[in-house]
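Please keep the sequence and the 3D view open as you read.

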Amino acid sequence: MNQDGGENELCSLSPYIISNIPPIIYYIPNFISEDDELYLLKKIYEAPKPKWTELLNRRLQNWGGIPHEKGMIPDTIPQWLQIYCAMVEKLGIFKNCKPNHILINEYLPGQGIMPHTDGPLYYPTVANITLKSHAVLEWYRPIGGENTSDSSLNTKVPETSLEARNFARILMERRSLLIVREDMYSKYLHGICEIKTDIIDDKVVNLSMCEGRQIGDKLNRDARVSLTIRNVPKVMKNNFLFGRRR
Ligand SMILES: O=C(O)CCC(=O)C(=O)O
């Protein structure tokens, strides 16, 4: 590893860069084994019911603490999750930092997540492991993004509808890893549509990386579980926490 931390590891990821979109998204099929997938699902579903937060369109588990602009109060990450954080850390994507926050989302068929960016509380890189079922991640230009300096995305027509701003789709197969950095992290929005079947079309920019898939495929969703692994740079120090309690 060089002084910058992890650049050599990032070079090893270059075969996994998705082309024809702004920088940078890496897609790594079969990042974890079938046994790992079973192990993770067992551990996730063993968590006590109060660990789940129920939302309108999905439910989630939060591990590592609640990110906050004043600093996250850190919480222990269980060993079963640390194994996979370490696998991701080894890729060098967080430079010298360690993943310290994991969000586990469960989506039933027909559930999804609204278009959003991940925001400033995180180091601007996110790693996402998909379990149990595929998903299609939709990518959108921000409103006003039609004037982007990126010529591959340029259009003369003002765009306001979500559909018009949707410029790419990424098929995330089960056991894959997706890594999002740079402009794709900070400028563009991502979301998952609330539908039960995904139709593979020519907007799927990583189709050549998905073995056996082709345009026209109809993929019925099963329940999908995802691990969103990030680094929260601003964390409260233990002595501050003890000081507050006195
Ligand atoms: O479940 C996913 O793959 C996406 C999750 C996501 O966008 C988020 O947690 O911010």
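Predicted model: local features only at pLDDT ≥ 70, side-chain atom pairs only at ≥ 80, totals over all residues.

Residues are numbered from 1 along each chain as its sequence is written, and side-chain values use heavy atoms, with hydrogens and water left out.

**The sheets**

Strands and helices here are DSSP runs numbered from the N terminus (strands: E, at least two residues; helices: H or I, at least four). Two strands pair if DSSP finds at least two bridges between them.

Let's begin with the sheet of seven strands. This open sheet has the order β1-β9-β6-β13-β4-β3-β2, with antiparallel pairing. At its edges stand β1 (25–28) and β2 (52–54); each has a single partner strand, so one side of each is left without a neighbour in the sheet. Neighbouring strands are turned against each other by 20° on average, direction ignored. Such angles are taken between N-to-C directions and run from 0 to 180 degrees, with axes fitted as lines to C-alpha atoms, for helices over the stretch in contact.

Within this sheet, β3 (residues 59–63) and β4 (residues 101–107) are joined in the antiparallel sense by five bridges, and R59 stands opposite E106 in β4. Helix α2 lies across β2, β3, β4, β6 (125–131) and β13 (224–230). Its direction is at about 90° to β13. Contact, here and below, means heavy atoms within 4.5 Å.

The other sheet to look at is an open one of four strands, ordered β5-β10-β7-β8 and paired in the antiparallel sense. Its edge strands are β5 (113–116) and β8, each pairing on one side only. From one strand to the next, the twist averages 20°. Two antiparallel bridges join β5 to β10 (residues 189–192), and I113 stands opposite I192 in β10.

A salt bridge is counted when a side-chain nitrogen of Lys or Arg comes within 4 Å of a carboxyl oxygen of Asp or Glu. By this rule the model has 14 salt bridges.

| Pair | Closest N–O distance |
|---|---|
| R174 and E37 | 3.0 Å |
| E173 and R213 | 2.7 Å |

What does the pair of R174 and E37 link? It links distant parts of the chain: R174 is in the loop between β8 and β9, E37 is in helix α2 (residues 34–46), and 137 residues separate them. R174 is partly exposed, with a relative accessible area of 37%, whereas E37 is buried at 3%. For these words, buried means under 20% relative accessible area, exposed over 50%, and partly exposed in between (1.4 Å probe, protein chains only).

E34, E37, R174 and R175 are linked in a network of salt bridges.

The salt bridge between E173 and R213 starts from the β8–β9 loop and ends in the loop between β11 (197–199) and β12 (218–220), so it ties together parts 40 residues apart in sequence. E173 counts as buried at 16% relative accessibility, and R213 as partly exposed at 30%.

Is S176 buried or exposed? S176 is buried, with a relative accessible area of 1%, and it sits in the loop between β8 (166–172) and β9 (177–181). Its side chain reaches the backbone oxygen of E173 at 2.6 Å. This is a polar contact (a pair of N or O atoms within 3.5 Å; within protein, one must be able to donate a hydrogen and the other to accept it, and residues adjacent in sequence count only if both atoms are side-chain atoms). Not counting residues up to four places away in sequence, S176 touches Y27, I28, P29, N30, F31, N128, I129 and T130.

R221 belongs to the loop between β12 and β13 and is buried at 11% relative accessible area. A polar atom of the R221 side chain lies 2.9 Å from the backbone oxygen of I195. Leaving aside neighbours within four places in sequence, the contacts of R221 include P109, G110, S133, H134, I192 and D198.
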